[in-house]
Every structure is written in C-alpha cells, then in structure tokens.
Amino acid sequence: QVQLRESGGGSVQTGGSLRLSCAASGHAFGFHCLGWFRHAPGRRREGVAGIDVNGKIQYADFVKGRFIISGDNAENTLYLQMNSLKLEDTAMYFCATRSPFYCRSGAPIGEEFEYRHWGQGLQVTVSS
C-alpha cells in the first residue's frame, strides 16, 4: 500500500525559500514517477514539477528557474526546493505517485488524472 508523508511548508516572505519533502512508502519507483502539484483558492490544481521513470524532470513554466525537484532513492523521498517565492506561489502543495503507464509514456509532469496516490497536502503561504 502506497503512503505519502509530506513535511515542510509554512509561511515565508516574498523572495524567501522553503523545502518540501515527500516520503513515499510502498512506491516501487523510488523518487521517480512522482510529482508535485499545487492548489490555490479559486484555481484548479496544477502540476508544478515531475520526474519520470528515467529521471527526466519537467517544471511548469511558472516555477522554472526558481524551484528544484530532486529525490533520494535510498530514502524513497521526493523534495521540492522553492526559491525566490512569490505571492502567487501561495497554495496547498501535494505530492503524488503517477501511474506507471503514464510515467513511462508521457511528459514528466502529465495530467492530474494520471496520478494515483496523493499526500495530505502542505500549506505554503507567501506574504509581502
């Protein structure tokens, strides 16, 4: 059974940094086939970054150059280092496991429906 345990998040001022972690137990692909999504009030949930089965990484345009996704296979843990945070980065952040079929065949982030298991979410609040 896959379980995702997220940690990190919190409140930070604009320009600051935060690091999110996601420990994935029962996930067969280490830190691969995992992604980060976010959901802000009034907006639909959107993909932030993902890693495919080969380790290829993709970022959403709105975080390129600011966020870094990485992982630790030994710990089955996925990370999201968020730098130069903006007000519009305020959202609930989720890590999720991606279906192997889509992880092997699609772009590293993919669509929300391609993800099977979701973490409980972490609130990230950026203030001025």
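**Ground rules.** I am working on a predicted model, where local features need pLDDT of at least 70 and side-chain atom pairs count only at pLDDT 80 or more, while totals for chains, interfaces and linings use all residues. Residues are numbered from 1 along each chain as its sequence is written, and side-chain values use heavy atoms, with hydrogens and water left out.

I looked up Arg 38 and found it buried, at 5% relative accessible area. I call a salt bridge any side-chain nitrogen of Lys or Arg within 4 Å of a carboxyl oxygen of Asp or Glu. That rule gives seven salt bridges.

Asp 89 is buried because its relative accessible area is 0%.

Arg 38 also bridges to Glu 46, again with 2.9 Å between the closest N and O atoms. Glu 46 counts as buried too, at 17%.

Next I checked Arg 45, which pairs with Glu 112 at 2.8 Å between the closest N and O atoms. This pair too links distant parts of the chain: Arg 45 is in the loop between strand 4 and strand 5, Glu 112 in the loop between helix 1 (100-105) and strand 10 (115-118), 67 residues apart. Glu 112 comes out partly exposed, at 29%. Through shared partners, salt bridges join Arg 38, Arg 43, Glu 46, Arg 66 and Asp 89 into one network.

My strands (E, at least two residues) and helices (H or I, at least four) are DSSP runs, numbered from the N terminus. Is strand 8 mostly buried or exposed? Five of its six residues are buried, so the strand is largely enclosed by the rest of the structure.

I count two strands as paired if DSSP finds at least two bridges between them. Strand 3 (residues 18-25) runs antiparallel to strand 8, with six bridges; there, Ser 21 has Tyr 79 as its bridge partner. Strand 7 (residues 67-72) is also antiparallel to strand 8 and joined to it by six bridges, with Ile 69 opposite Leu 80. Strands 7 and 8 make a hairpin with four residues between them, and Asn 76 in the turn has a positive phi of about 50°.

I found Ser 84 in the loop between strand 8 (77-82) and strand 9 (91-98). Ser 84 is partly exposed, at 42%. Taking contact as heavy atoms within 4.5 Å, and leaving aside neighbours within four places in sequence, I get Gly 15, Gly 16, Ser 17, Arg 66 and Asp 89 as its contacts. The C-alpha atoms of Ser 84 and Gly 65 are 9.2 Å apart, with 19 residues along the chain separating the two.

Conventions
Buried means under 20% relative accessible area, exposed over 50%, partly exposed in between (1.4 Å probe, protein chains only).
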